Amino acid sequence: MDECKVIIMGFGSVGQGVANAISMKKDLIKDKTGVAVKIVAAADSSTSAISQEGLDEKLLVETKKNEKKLSAYPEFGSDLNGVDVLDAVEYDCLIEATPTNIVDAEPALSLTLKAFKQGKDVVTSNKGHLALKFREVVDAAEKAGVEFKYEASVGGAMPIINLTKETLSSCDIKSIIGILNGTTNYILSRMTAEGSDYEVILKESQELGIAETDPTQDVEGIDAACKTVILANSLLGIDATYGDVKVKGISDISAEAIELAKKDDYLIKLIAEVSHDNLQVSPRLVRKGSSYDVSGTLNMATVKTDLAGEISVIGLGAGSLETASAMITDLISILKNKY
């Protein structure tokens, strides 16, 4: 097969990033894999654009930004949405970029399982279905004989899942400890640099678009806990769900506590620990100048192995193109394996 037809479900920041990345890298993808990638459908929460002949990536993004809905896409706009889009067009791979939902994992769960039943590969950036039903989803992919990739669900552009599974495949993984949420790292970094109170920096972060209007998932450690579950299952073989993680956020960290830590050459960071003995997200003291001393929205993780010792990785944990880069890498991996 010399063509891969993809559907992008979810057309917010990440979905638009994927469309932009495909537009930018289609020649590179063709050179690396011998396969041309074509978007045959894209859908936001209530509308879509669908064409078996392919959609223009830049026009998709422009339509969403200017008209706020994909049904305004010239000629091929539609009010079809949700799982119905998967029945409306022939496709090879679902790129699933809907918002994370840790209550019931929808719509990601239904979209993913339906794609598997249709014999289609899936690339996702979503954490909800993986944090709540990792084993069920992975088993369904194996049963269907399809590829399921989810590098972008942890750490955005920071390579952690594929790096550990592939480059460190000779090693037993003992633990992963790191900073898995860029928003909280930004807030704590600013508090450390400026001596400001949490509420002041949170408000500024929201104004800059770094923190969400409702920042609960980030600042209370929920986002990092979801990523902890994904790493536990995928890299350590621990059959865990979100409820197995001990979680404490950063909302009660005071400027005084940060100042006290600084006097002893320590920083306060929201740290996720993934090991057979402990699944935990909590504020911890880390040494200034250590591998955990990263600022801004960066993520980092240290993988402790039996053969290679400790391997640390750092990268941007969020962002439209940054997260899309991980999804396109997953797509290239599928194309190399299957086509």
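Of the contacts in the chain (heavy atoms within 4.5 Å) that link residues at least 6 apart in sequence, 69% join residues at least 24 apart. The model is a predicted one, in which local features need pLDDT of at least 70 and side-chain atom pairs count only at pLDDT 80 or more, whereas totals for chains, interfaces and linings use all residues. Residues are numbered from 1 along each chain as its sequence is written, and side-chain values use heavy atoms, with hydrogens and water left out.

The radius of gyration, taken over C-alpha atoms, is 20 Å, which agrees with the value near 20 Å for a compact globule of 339 residues under the rule of 2.2 Å times the number of residues to the power 0.38. The C-alpha trace spans about 65 × 45 × 35 Å along its principal axes, and 54% of the 339 residues are buried (under 20% relative accessible area, 1.4 Å probe, protein chains only).

The chain contains 11 helices and 13 strands, assigned as DSSP runs of H or I over at least four residues and of E over at least two, respectively, and numbered from the N terminus. Six strands form an open sheet of mixed pairing in the order S9-S11-S10-S8-S12-S13, where two strands pair if DSSP finds at least two bridges between them. Strand S9 (246–247) and strand S13 (310–316) stand at the edges with a single partner strand each, so that one side of each has no neighbour in the sheet. Strand S12 (residues 298–305) pairs with S13 in the antiparallel sense over seven bridges, and Leu298 stands opposite Leu316 in S13.

Terms used. Buried < 20%, exposed > 50% of the residue type's maximum accessible area, 1.4 Å probe, protein only.
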